[in-house]
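Please look through the sequence and the three-dimensional model below before reading on. The explanation that follows is meant to be read with both in view.

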Amino acid sequence: QVQLVEFGGGLVQAGGSLRLSCAASGRTFSSYSMGWFRQAPGKEREFVAVITWSGNGTYYGDSVKGRFTISRENAKNTLYLRMNSLKPEDTGIYSCAATSRRTLPTRAYQYDYWGRGTQVTVSS
């Protein structure tokens, strides 16, 4: 079993930066690929980024590519999402998720565990 809790959300001006973290509990954290998703009111959940268990493989959604960086510190059971050049359209609830798949999943149904999410609001 894996439990996930997100931290670091808040209000930031357009063009600014923010770093989210996801604290995981469970003895098998390093065996999971980890992803970030986001969802705004009235919109469907959107894939943001994913990282392999080793941290050597990453993949990003087109809307955040070049601006966001996903990373992990397995020794600290922590996942990160560094967000730069933020835009108002980045606003939403950001959730971290874990999957036992040995790939780079981009669909929500491919993930087994989810955090509650943290709100990110980008003002224009």
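Predicted model: local features only at pLDDT ≥ 70, side-chain atom pairs only at ≥ 80, totals over all residues.

Residues are numbered from 1 along each chain as its sequence is written, and side-chain values use heavy atoms, with hydrogens and water left out.

Let us begin with the strands. Here a strand is a DSSP run of E with at least two residues, and strands are numbered from the N terminus. Two strands are said to pair if DSSP finds at least two bridges between them. Strand β1, residues 3-7, runs antiparallel to β3 and is joined to β3 by five bridges. Within this pairing, valine 5 stands opposite alanine 23 of β3. Strand β3 is also antiparallel to β8, with six bridges joining the two. One of the residues bridged here is cysteine 22, whose partner in β8 is leucine 79.

The structure holds one disulfide, and it joins cysteine 22 to cysteine 96 with an S to S distance of 2.0 Å. The pair links distant parts of the chain, 74 residues apart: cysteine 22 belongs to strand β3 (residues 18-25) and cysteine 96 to strand β9 (residues 92-99). The link is right-handed, with 55 degrees about the S-S bond. Are these cysteines buried or exposed? A residue is called buried under 20% relative accessible area, exposed over 50%, and partly exposed in between, using a 1.4 Å probe and protein chains only. Cysteine 22 is buried because its relative accessible area is 0%, and cysteine 96 is buried because its value is also 0%.

The nonpolar cores come next. In soluble globular proteins, nonpolar side chains tend to be buried together. A nonpolar core is defined as a set of buried Ala, Val, Leu, Ile, Met, Phe, Trp, Tyr and Cys residues joined through side-chain atoms within 4.5 Å. The largest such core has 27 residues, and those with the most contacts inside it are Leu4, Trp36, Leu81, Met83 and Tyr94. Among the elements that give two or more residues to this core are β3, β4 (33-39), β8 (78-83) and β9. The largest share, four residues, comes from β3. A second, separate core of five residues includes Phe37, Val50, Ala97 and Tyr111.

Two side chains complete the picture. Tyrosine 60 lies in strand β6 and counts as buried because its relative accessibility is 15%. A polar atom of the tyrosine 60 side chain lies 2.8 Å from the backbone nitrogen of isoleucine 70, a polar contact being a pair of N or O atoms within 3.5 Å; within protein, one must be able to donate a hydrogen and the other to accept it, and residues adjacent in sequence count only if both atoms are side-chain atoms.

Arginine 67 is found in the loop between β6 (58-60) and β7 (68-73). Arginine 67 is counted as buried because its relative accessibility is 11%. The arginine 67 side chain reaches the backbone oxygen of serine 85 at 3.0 Å, and one of its polar atoms lies 2.8 Å from the backbone oxygen of serine 63.

How values were computed
Disulfide = S-S within 2.5 Å.
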